[in-house]
Amino acid sequence: MLRAFFGRHKTASTWARSILHDAAHALGLKVLTVHATEQWSGHASVGDFVRAEQPDLLVMTNVTQAQFETLPPLRGLNVIRDPRDIIVSGYFSHRNSHPEQLMGIVWHELVAHRRLLSGLDVEAGLLAEIEFSGVFLDPMREWNYANPGVLELRMEEMVADPYAAWTRALSHLDLAAPGTFERLRRAACTWNLADRREAPRSLARARRILPPVPLRRLPMAYASGALARFSFERLSRGRRPGEEDVHSHYRRGVAGDWRNHLSEAHLAAITARYGDIVQQFGYST
């Protein structure tokens, strides 16, 4: 059965994609990453595109409910985040660091939005970001949080207890499972991933020449190793969560940062544009 990760914009989706691409490499799975509708031009729907490509793992950003309903049966993971943090994170990312091009496709809306933000102060820029965020928040509002086969997680819980969240996610996606021969499976996983590692160099060189070992499921220990490899400290090049670099894609790495940036006017603008979205997702005001 198809596995799928639905990454909402500014919900640590780059971190999650890194872990899932790594897991897929260890298992020899084909990954299809979908960022834009242009990728399935020539097909009636994204579901038809996926059926034609026949991936083992689909990674899709900002999926809508209508798009989801065209997909084949799957085991999926959908991650959301406090909308206020999405707006704040989006503001800094769209002003300073987010790529304007992904997989050869230019995000023209971002180009124009970045030009707008560069001429505004923070207060006005955040108001502009609130409106721009509709492209991410509207699909979140319309999403069916009881879709069959889809595990729903919050970014906040993934950051608070990443091992528990990722163990649950990998198990749900049928990528990892407890079982016999755990040490052998760990060794096979280490070998299969050696060509993605810099050390030990001898193992990496050998793996680039020799084939992977067949492996059906990752050992449960994979989660702890992956979290160490893709920790905030490593991805941000040495900063700890909470230490900010406004020009980095990995800006701060903590939940609740909206309290440091959003004024009462901003919160009123969010309510005016999105209604009770904060309460809808169960976040406190």
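Predicted model: local features only at pLDDT ≥ 70, side-chain atom pairs only at ≥ 80, totals over all residues.
User: What describes a pair of aromatic rings?

Analyst: The distance of the centres and the angle of the planes describe such a pair. Rings of Phe, Tyr and Trp (its six-membered ring) pair if their centres lie within 6.5 Å; planes under 30 degrees apart are stacked, over 60 edge-to-face, and the rest tilted. The whole structure holds 9 aromatic pairs. Take tryptophan 15 and tryptophan 166: their ring centres are 5.9 Å apart and their planes stand at 90°, so this pair is edge-to-face. The pair links distant parts of the chain, 151 residues apart. Tryptophan 15 belongs to helix H1 (residues 13-27) and tryptophan 166 to helix H9 (residues 162-172). Helices (H or I, at least four residues) and strands (E, at least two) are DSSP runs, numbered from the N terminus.

User: Are tryptophan 15 and tryptophan 166 buried or exposed?

Analyst: Both are buried. Buried means under 20% relative accessible area, exposed over 50%, and partly exposed in between (1.4 Å probe, protein chains only). In H9, Ala165, Thr167, Ala169 and Leu170 are buried too, along with Trp166. The buried residues of H9 pack against H1, E4, E7, helix H8 (155-160) and helix H12 (222-229). Contact here means heavy atoms within 4.5 Å.

User: Which charged residue lies over the face of tryptophan 143?

Analyst: Arginine 8 does, at 4.6 Å from the ring centre. A charge sits over a ring if NZ of Lys or CZ of Arg is within 6 Å of the ring centre and within 35 degrees of the ring normal. Arginine 154 has its charged end over the ring of tyrosine 283, 4.4 Å from the centre.

User: What is the strand order of the open sheet?

Analyst: Two strands pair if DSSP finds at least two bridges between them. The sheet has 5 strands in the order E2-E3-E1-E4-E7, with parallel pairing. Strand E2 (31-34) and strand E7 (150-154) stand at the edges with a single partner each, so one side of each lacks a neighbour in the sheet. The twist averages 15° from one strand to the next.

User: How many residues of E1 are buried?

Analyst: 6 of its 6 residues are buried. Leu2, Ala4 and Phe6 lie on one side, and Arg3, Phe5 and Gly7 on the other. E1 pairs with E4 over 6 bridges and with E3 over 5 bridges. Phenylalanine 6 has asparagine 78 as its bridge partner in E4, and stands opposite methionine 60 in E3. Asparagine 78 in turn has glutamate 152 as its bridge partner in E7.

How values were computed
Residues numbered from 1 in each chain as written. Heavy atoms only, no water. Axes fitted to C-alpha atoms, helices over the stretch in contact; angles between N-to-C directions.
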